[in-house]
There are 2 protein chains.
Amino acid sequence: MESALIAWLRERLPPHPLLRLGIGDDAAVLDVAGVDLCVLTVDALTDHVDFELSKDDPRRVGRKALAVNLSDLAAMAARPVAGVIALVLPKQNGLELAQGLYEGMLPLAEQYHLALAGGDTNSWDGPLVVSITLLGEVTQRGPLRRKGAKPGDRILVTDSFGGSILGRHFDFQPRIEEALLLHNRYKLHAGIDVSDGLSIDLARLAKESGCGAVLQIDSIPISDEARRLSKECADGRSPLDHALGDGEDFELILAVPADEAKRILADQPLDVPITDIGEFIAEPGLWQREAEGPRRPLVPQGWEHEFE
Amino acid sequence: MESALIAWLRERLPPHPLLRLGIGDDAAVLDVAGVDLCVLTVDALTDHVDFELSKDDPRRVGRKALAVNLSDLAAMAARPVAGVIALVLPKQNGLELAQGLYEGMLPLAEQYHLALAGGDTNSWDGPLVVSITLLGEVTQRGPLRRKGAKPGDRILVTDSFGGSILGRHFDFQPRIEEALLLHNRYKLHAGIDVSDGLSIDLARLAKESGCGAVLQIDSIPISDEARRLSKECADGRSPLDHALGDGEDFELILAVPADEAKRILADQPLDVPITDIGEFIAEPGLWQREAEGPRRPLVPQGWEHEFE
């Protein structure tokens, strides 16, 4: 499991004078040349895991690969600066495939004023791998981290959750502008983007912050796709299950002091709704509550890369 | 072919105010926050192409993956600052494999004061991919580019060439210190590191500089491994063939004004020998000459990722 590797690495990576924030967050934060902090993030996407090249348009795949990385910058409230791309291409139709991938990335790069600075192109007798690294810079408010949530903070989220597999996992808008606006205008304590699942990513944020989180189950904004998926698939998973565990929503989870959360909810300063879905508490772990009912444990659901 | 993709991309990537140097060199150069220039480079290594996990120790594989990227920074005369790593691991023994890879990287990262800033870890039903991105910074002399060689410049190289497959492709020392010393003490016009082959990488530097290059064949420093490989393999390739085309030497090729080259050769300021192996000329193309003989065309040999 990735978390086991991170724990192992944390013991072995020596502290470094330039490294303000190392492994375990959505991106690393660096003190380069004593100026605005640099943020560095990498994400690799692979065929049969993150997309199916046999049916998905390479342009959508390329767009997703870039958008996923932009979402990591959003989670840090960092502005995109530049990116480099490593492609590992199957030999057959490799050039056409590479062009399709870039055609999907270019409009998104332009939208976020991202300098695509080239990369590395390889071929092999295996499936496609797209690895993108982005360099970003944080604003004067500094980076938004996973660590920093405090007991009593509210859990705010952007938009809605679940069912991204029906198309949104390709076409989502990374919440760059939203994160920058919220981070600069309001006082946020911590943040993360939902890549692996609302409940598992919330549990990660809470753990990094050294506290627990209670989800107010009836408040969770469930997407139309989650309802559709629940109806169409006879696997017994409710719309709520999809919202809690599907992942790839790439929405923001934020830890916000209670009074500040009230202001945000009253202002609703984004084009997408912001919803209060619960609170952080001192007791560790992930919990759920319905209406005024009792607090019960909630097993985090979502995607984890499994390896032995 | 990678060069076809680069040509296609160059037409499509819009200019960007931060991008001093985009695709087609060993690394991209960025003007971040108006201070020392940032250099960003990425290289992905794959099983069965760059190593054979069935017989190669993961620690050597990890070390190579990092060293190859450090060599790209050396080619730009940039100081290593930070790195992020994306791993795509086969599911079986993935954790142990990842630990082995990192164990190979950590000493090298420490040697070059590189901040390893974490990364992304994935698993799949495919072979290992290691993609590393490094952030570097150039010195006050600016970046050393592929473009800049002038007719009359001498071709200088560090150490010797050929036969790296016998072990040096894992254990080479990236020429970071050497590149920084030479770039800061002498006037260099252009530079590249030899990843794909002495002749093919020299041809690339000449092409980017808009000139040609003549190799003085009898001056090329041929490694002991190239001689051994030529003797052991009955494929008819001479030690010189190995030196010209094997690649993965990760030595430097430099374009240096003639009088400055004389100084460098007299000083020999490095722990490894520096050799004059020919000159740049106005006429495009790659050429060879033996002793005082006539100039004849030389077909560049080396590794190119082939895809259709």
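# A tour of chains A and B

The structure holds zero disulfides over all chains, a disulfide being a pair of cysteine sulfur atoms within 2.5 Å. This is a predicted model, in which local features need pLDDT of at least 70, side-chain atom pairs count only at pLDDT 80 or more, and totals for chains, interfaces and linings use all residues. Residues are numbered from 1 along each chain as its sequence is written, chains are lettered from A and ligands numbered from 1 in the order in which they are written, and side-chain values use heavy atoms, with hydrogens and water left out.

**Stop 1: two cysteines**

Select A:Cys211. It is buried, at 4% relative accessibility. Buried means under 20% relative accessible area, exposed over 50%, and partly exposed in between, with a 1.4 Å probe and protein chains only. Now take A:Cys233, which is partly exposed at 31%.

**Stop 2: the sheet of chain B**

Switch to cartoon. Helices (H or I, at least four residues) and strands (E, at least two) are DSSP runs, numbered from the N terminus. Seven strands of chain B form an open sheet with mixed pairing, in the order E8-E10-E7-E11-E9-E12-E13. Two strands pair if DSSP finds at least two bridges between them. Which strands stand at the edges? They are E8 (190-193) and E13 (296-297) of chain B; each has a single partner strand, so one side of each is left without a neighbour in the sheet.

Helix H2 (residues 58-75) of chain B packs on this sheet and touches E8 and E10 (252-256) of chain B. Its direction makes about 170° with that of E8(B). Contact means heavy atoms within 4.5 Å. Axes are lines fitted to C-alpha atoms, for helices over the stretch in contact, and angles run from 0 to 180 degrees between N-to-C directions.

Next, select strands E7 (residues 154-158) and E11 (residues 274-281) of chain B. They run antiparallel, joined by four bridges. B:Thr158 stands opposite B:Ile274 in E11(B).

**Stop 3: the cores**

A nonpolar core is a set of buried Ala, Val, Leu, Ile, Met, Phe, Trp, Tyr and Cys residues joined through side-chain atoms within 4.5 Å. The largest has 59 residues, and A:Leu66, A:Leu101 and A:Met105 touch the most other members. Helix H3 (residues 94-111) of chain A gives this core its largest share, nine residues. Centre on A:Leu66. Beyond its neighbours within four places in sequence, its contacts include A:Met105, A:Leu108 and A:Ile132. Another core, of 58 residues, lies apart; B:Val29, B:Leu101, B:Phe170 and B:Leu182 are among its members.

**Stop 4: helix H6 of chain B**

Select residues 198-209 of chain B. Just after the helix, B:Gly210 takes a positive phi of about 70°.

**Stop 5: loops**

A:His48 is not a glycine, yet has a positive phi of about 75°. Find it in the loop between E3 (38-46) and H2 (58-75) of chain A. Is A:His48 buried or exposed? At 51% relative accessibility, A:His48 counts as exposed.

B:Phe250 also has a positive phi, near 55°. Its loop runs between H8 (239-245) and E10 of chain B. B:Phe250 is buried, at 2%.

Finish at B:Gly293, in the loop between E12 (285-289) and E13 of chain B. Its C-alpha atom is separated by 51 Å from that of B:Ala115, 178 residues apart along the chain.
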